[in-house]
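Here are some notes from going through this one. Have the structure open while you read.

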Amino acid sequence: MQGKYAVMNPMPDSARLVIFCGKGGVGKTTLSLAAGLKYAMNGRRVLVISSHPIAELALAVSLEGLSARFPAAAPNLFVLYIDPRDLIADVVNKHFPMPVMAQRILNSSIFTNLVEIAPGLKEFFFLGRLQELCERRKNGSGPAAPDYDYLIWDAPASGHFLTTLRSAKNFEVFLTGPLAAAGAQLHRFFSNPQNIQLFPVTPLEEMAIAETLEMAQSMAEDFEIKCSALLVSCASPMCAAAEAGIAGLGPAAESSPAMRFAIERGLIERERCVELRAALPVPQVLIPRITQWSNDLDLLARIGERMDLSQFS
Amino acid sequence: MKIIVCVGTGGVGKTSVAASIALTQARAGAKCLVLTTDPSHRLRTALGLKDGLLEQRVPVQDAKGELWAALLDVNATLDEAVRLYAKPGNQARILQHPIYRQIANSLSGMQELMAVERIDQLILRGFNNIVVDTAPSRHALDVFDKPELFADFSDSRKVRLVSRTYQFAEAVGLTTVGRGALEFYSRVESILGTNFVRQMLDFYSLFYPIAEGYSARARRTAALLRDPKITEFCVVTVPAKALRDAQFFIEALNKRKFAIGMICVNRTWHHAQPEMAPEGLATELLDWYRSGSASHLSAIAKMREMFGRQVKEIRILNELERDVDGVESLRRLADQLEPALAAAAQ
């Protein structure tokens with residue numbers, strides 16, 4: 001691990017934002033953490049950011065055992081949950097040097113209501129924070145300020161993910177004044193392929209695939225961001241098997257409902273891999289279903305072993 | 001009247017389970033409607049669902065009753081509410097307002113709010129056996145905490161107060177308003193932008209009557225949903241999420257005093273396994289299946305141990321080879337559900 005550190009490229013000016021996106025429940029959080037752990041084991045400083053509460057990041061809880069299990073990764077891996085409401089509070093605090101005044105605004109129900117009902121406002125501030133975290137180094141923060149080689153955004157489910165990204169453009173189009181200018185600037189940042197690495201995650205299921213393709217199309221059209229690779233989660237061993245092996249499976253199907261299920265599922269998944277490749281011509285990374293693991297951390301490490309994303313950077 | 005509300009997180013097959021539950025009711029002789037939020041393309045086609053506000057009869061062979069399906073179209077439901085409840089002169093202004101274009105998609109909980117609105121409409125149209133498929137979110141229940149929530153966005157005296165003070169302040173040239181208020185608005189404006197604040201206030205002052213009518217209807221619906229003789233909640237989950245989902249939803253439902261019917265563990269690998277070991281790739285495949293199956297069953301056992309006593313029933317549904325793609329797949333799920341629900345329907 002330490003050897004790899006020495007041959008790394010020189011640090012770029014700002015951190016790459018690596019985005020794991022896809023339908024709800026496809027394993028974005030798990031893959032984000034697995035990728036984070038892997039980067040961290042290779043000596044990179046990584047921040048995994050999530051906009052859903054820590055409670056849902058159930059895996060993160062067991063990251064407590066990290067330093068015992070993966071001492072090389074522990075000092076490099078950070079997990080952060082950002083509540084957009086806190087960001088808005090930050091803005092208010094910055095505007096008011098006097099804490100009393102800031103508190104009055106923040107405690108006022110008028111302001112909190114306004115924030116809740118303003119469409120896209122929370123998403124907008126979240127994007128702003130992401131960009132700030134990516135560019136920290138550029139802005140010349142003090143040496144004590146944390147900085148990262150990779151920011152991993154464990155994005156919300158496709159629909160909300162796109163809403164979040166579009167909030168910048170919406171602010172630019174629908175508004176005038178400081179928020180519109182900030183919207184234009186944010187939209188530029190999130191439409192620049194140099195800043196973003198997009199990894200959609202999908203299992204080989206119809207709805208998840210449809211949603212992934214739709215999202216990839218939106219990302220290409222609205223933001224000019226292309227997917228770096230498609231991560232296919234929980235794939236059957238039949239996906240990567242040779243034709244001859246598949247042909248030999250025939251009789252096994254009759255042996256039991258379980259085998260019939262496994263084989264039919266495998267055949268469907270093989271077909272879908274091919275269809276997906278045609279619809280979204282980017283590299284596919286098959287991440288097999290991990291069948292044995294002792295704890296969450298172990299699971300993350302095992303997924304990491306099978307997920308090599310360094311080739312796409 | 002009978003209402004079953006299916007709750008669950010994303011990717012658990014909630015829509016399919018909801019539709020299958022409705023199918024079991026129809027087989028048992030009821031006229032049952034499933035209100036779905038986000039069906040897959042094929043399920044949508046199979047059920048004959050279209051955008052808009054129509055209910056669709058689904059042809060089912062050998063069912064004594066009738067199966068109906070409707071799609072929750074958030075935009076159409078909201079547009080309809082505007083047409084029903086806004087003053088005629090305000091309708092066009094609301095529908096064309098720049099804030100309105102964003103509100104349906106970005107207000108959190110809008111889908112749930114509109115589900116409540118739609119349930120009310122369906123009951124008025126004579127459907128009294130409804131299976132509701134909620135949005136795939138843990139927050140789907142928040143809307144029931146406060147039927148006034150929607151009205152609160154705009155009815156909230158606070159926003160109206162802001163709005164009035166604001167309009168008043170503008171009308172009189174700001175000088176007569178107290179210093180505190182004046183400073184407050186100029187500060188808020190400096191943060192959010194004048195135009196934005198003005199647009200928001202303008203919009204919500206137009207929108208208020210709609211939200212107000214909504215809260216009356218929402219209260220009526222919430223009362224039905226709280227009545228254990230009428231409504232049961234069904235937690236739909238998958239093995240990997242069973243423990244977390246059961247814990248979260250049982251707590252959330254108990255807190256709100258909703259009746260929990262069953263926990264339905266969908267997509268379980270619990271098919272009968274072969275007695276003889278196969279050869280070649282089949283061995284690898286069976287190992288793959290077995291390890292998946294073992295982890296499914298141990299997760300369900302853990303969940304049963306912790307929460308089994310708090311629900312009427314835990315039901316395991318074997319995963320189908322293909323995603324649910326038609327009435328035939330629903331039938332196979334319904335076959336697995338039947339023993340429990342047919343009894344409950346009597």
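1. Start with helix H12 of chain B, residues 242–255, in what is a predicted model. How far apart should the ends of H12(B) be? With 14 residues at 1.5 Å a residue, the span should come to 20 Å, and the end C-alpha atoms sit 19 Å apart, so the two agree.

2. On burial, the residues of H12(B) tucked away are B:Ala242, B:Asp245, B:Ala246, B:Phe249, B:Ile250, B:Ala252 and B:Leu253. An α-helix makes a turn every 3.6 residues, so residues three or four places apart point the same way. The partners for the buried residues of H12(B) are strand S1 (2–7), strand S6 (231–237), S7 and H13, again in chain B. After the helix comes B:Lys257, which has a positive phi, near 60°.

3. Now the sheet. Chain B has an open one of eight strands, ordered S3-S4-S2-S5-S1-S6-S7-S8, and its pairing is mixed. At the edges are strand S3 (55–58) and strand S8 (313–318), each with pairing on one side only. From one strand to the next the twist averages 20°.

4. Look at the S8 end of that sheet. Strand S7 (residues 260–268) of chain B runs parallel to S8(B), and the two pair over five bridges. B:Val265 has B:Ile316 of S8(B) opposite it. Lying across S7 and S8 of chain B is helix H13 (residues 281–307), which runs at about 170° to S7(B).

5. Some totals for chain B: the count is 14 helices and eight strands, and 55% of the 346 residues are buried. Of the contacts between residues at least 6 apart in sequence, 76% join residues at least 24 apart. The chain exposes about 14,700 Å², with carbon and sulfur atoms supplying 52% of that area.

6. Over to chain A for one residue. Is A:Leu309 buried or exposed? Its relative accessible area is 5%, and buried means under 20%, so A:Leu309 counts as buried. A:Leu309 belongs to the segment after helix H14 (296–305) of chain A.

7. What does A:Leu309 touch, leaving aside its neighbours within four places in sequence? The contacts are A:Phe20, A:Ala35, A:Tyr39, A:Phe199 and A:Leu231. As for A:Lys38, 271 residues separate it from A:Leu309 in sequence, while the C-alpha to C-alpha distance between them is 9.5 Å.

Terms used. Residues numbered from 1 in each chain as written. Chains lettered and ligands numbered in written order. Predicted model: local features only at pLDDT ≥ 70, side-chain atom pairs only at ≥ 80, totals over all residues. Heavy atoms only, no water. Pairing = 2+ DSSP bridges. Helix = DSSP H or I, 4+ residues; strand = E, 2+ residues; numbered from the N terminus. Axes fitted to C-alpha atoms, helices over the stretch in contact; angles between N-to-C directions. Contact = heavy atoms within 4.5 Å. Expected span 1.5 Å × (residues − 1). Buried < 20%, exposed > 50% of the residue type's maximum accessible area, 1.4 Å probe, protein only. Areas by Shrake-Rupley, 256 points an atom, 1.4 Å probe, with all protein chains shown as cover.
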